[in-house]
Amino acid sequence: AWQVQSMADRFSDSFPIGAAVEPWQLNGKQGKILKHHYNSIVAENAMKPISLQPEEGVWDWEGADRIADFARKHDMELRFHTLVWHNQVPDWFFLDEDGSPMVDETDEAKREANKKLLLERLDTHIETVVDRYKDVVTAWDVVNEAIDDGGGLRETAWYQITGTDYIKTAFESAREHAGDDAMLYLNDYNTEVPSKRDDLYDLVTDLLEDDVPVDGIGHQAHIQIDWPSIEDTRESFELFTELGLDNQVTELDVSLYGWPPDNAYATYDEIPDSLYDEQADRYAEIFSLYEELDADISSVTFWGIADNHTWLDDRAEQYSGTGVDAPFVFDENYRVKPAFWRMMDER
Ligand code: G3I
């Protein structure tokens with residue numbers, strides 16, 4: 001995979017090409033692919049709150065530092081994922097001074113005190129992390145997945161305890177510590193789905209009216225071969241661009257399966273060539289759109305490198321009992337797939 005034309009070179013006029021990585025993927029063949037094909041990286045898990053601050057005031061920088069050092073050394077952009085999320089955040093954030101869950105508190109005065117404490121913890125987390133990595137980070141996922149698929153804001157512990165103040169505090173703290181030039185994103189999945197896109201639009205317009213420093217939308221783009229439509233995808237980029245916001249594609253992968261993925265193939269050998277060809281067409285279509293809208297899209301990142309390591313395998317297993325997915329342009333042995341050639345086509 002490192003002998004063919006580089007993806008980063010191919011798209012250098014349009015946007016950097018990124019990959020999500022675990023620290024152990026920086027060496028060997030995957031390291032070679034990273035250096036050849038990508039000019040941006042993001043930590044798949046190593047920079048989430050549970051990885052960085054598993055206990056209050058106890059920091060674990062090992063994996064995150066290795067990824068940041070790789071970006072510095074090889075002059076790559078680093079996307080930071082993620083300052084705030086409802087998953088992979090340790091429980092201690094949400095326990096009051098007595099060790100009881102803040103969400104259960106009914107006393108008004110204590111609820112106020114808990115809210116203050118939680119926002120202070122958030123600010124401390126952000127200040128510490130931002131100071132350590134701001135020299136190399138080019139884009140910050142400040143808040144991840146704040147919108148509920150069923151409508152409105154997701155009723156996480158963050159939301160139950162602080163309302164939308166956690167979003168405000170997170171962006172203000174990131175701005176204060178990372179500086180005026182830092183690029184700050186609200187990141188979410190299914191941003192192409194009109195109802196969810198509109199909820200995200202409502203949230204971000206409220207935030208902007210309130211002078212909350214949001215710079216852009218991160219579109220995760222965990223997509224499928226037939227879904228979402230290219231029209232909905234285009235409309236989503238255009239809508240946020242009209243608001244004056246930047247767009248980044250932050251977690252791209254093209255699953256071979258529909259929803260739910262309950263018919264996954266058990267092994268790579270069983271996956272028909274025709275399905276890989278359909279996936280290749282999809283990659284051609286989506287990259288044509290990205291190139292056409294390149295003025296509105298400042299970065300495109302895959303949520304992994306090659307088919308041998310993808311969160312979609314866990315999802316396939318969960319719904320099909322057993323199974324593999326193969327969402328990338330490099331196969332499980334790091335060979336280029338039909339999708340690679342189609343996305344690289346000159347248009
Ligand atoms: O590190 C532990 C290990 O010690 C333990 O033995 C093992 C047992 O299950 O778990 C390991 O943690 C796993 C972790 O990945 C690291 O491999 C977690 O169980 C597993 O849940 C976690 O999954 C991650 C998932 O986020 C968590 O929700 C995926 O790798 C990661 O790709 C995925 O990424 C998310 C983005 O952050 C946000 N957008 C959606 C995307 C896909 O779900």
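Author: What follows sets computed values against their definitions.

Author: This is a predicted model, where local features need pLDDT of at least 70, side-chain atom pairs count only at pLDDT 80 or more, and totals for chains, interfaces and linings use all residues. Residues are numbered from 1 along each chain as its sequence is written.

Reader: What makes the protein as compact as a globular protein of that length?

Author: Start with the elements: the protein has 12 helices and nine strands. Both are DSSP runs, numbered from the N terminus (helices are H or I, at least four residues; strands are E, at least two). The radius of gyration is 20 Å, and the globule rule gives 20 Å for 347 residues, so the protein is as compact as a globular protein of that length. The radius is taken over C-alpha atoms, and the rule is 2.2 Å times the number of residues to the power 0.38. Along the principal axes, the C-alpha atoms fill a box of roughly 65 × 45 × 40 Å.

Reader: Where does the "domain: GH10" label come from?

Author: It comes from UniProt, in an unreviewed entry, which places the feature at residues 1–346. UniProt positions are in the numbering used here, feature names are shortened, and annotations may be inferred rather than shown by experiment. The span is 41% helix and 15% strand, and its end C-alpha atoms lie 19 Å apart.

Reader: Which residues surround the ligand?

Author: They are Glu44, Asn45, Asn87, Gln88, Asn144, Tyr189, Gln220, Glu251 and Trp311. A residue qualifies if its C-beta atom, placed from the backbone, lies within 6 Å of the molecule. The shell divides into two nonpolar, five polar and two charged residues. Ala, Val, Leu, Ile, Met, Phe, Trp, Tyr, Cys and Pro count as nonpolar; Asp, Glu, Lys and Arg count as charged; the others, Gly among them, count as polar.

Reader: Why is Asn190 called buried?

Author: Buried requires 20 or more other C-beta atoms within 10 Å of the residue's own; exposed means 12 or fewer, partly exposed lies in between, and C-beta atoms are placed from the backbone. Asn190 has 21 such atoms within 10 Å, so it is buried. Of the 347 residues of the protein, 43% count as buried.

Reader: Is Asp211 buried or exposed?

Author: Asp211 has 10 C-beta neighbours inside 10 Å, so it counts as exposed. Asp211 lies in the loop between α8 and β6 (216–219). Asn190 is in the loop between β5 (184–188) and α8 (194–209).

Reader: What is phi at Asn190, and what is it at Asp211?

Author: Phi of Asn190 is near 55°, a positive value. Phi of Asp211 is near 65°, also positive. Most residues other than glycine have a negative phi, and most peptide bonds are trans.

Reader: Which peptide bonds are cis?

Author: One runs from Trp227 to Pro228, with omega near -5°. Pro228 lies in the loop between β7 (222–224) and α9 (230–242). Another runs from Trp259 to Pro260, again with omega near -5°. Pro260 lies in the loop between β8 (246–255) and α10 (273–292).

Reader: How do you know that β9 pairs with β1 and with β8?

Author: Pairing needs at least two bridges found by DSSP, so the bridge count decides. β1 (residues 17–21) and β9 pair in the parallel sense over three bridges. β8 and β9 pair in the parallel sense over three bridges. Val300 in β9 stands opposite Ile17 and opposite Val249.

Reader: What makes β9 mostly covered?

Author: Five of the six residues of β9 (residues 297–302) are buried.
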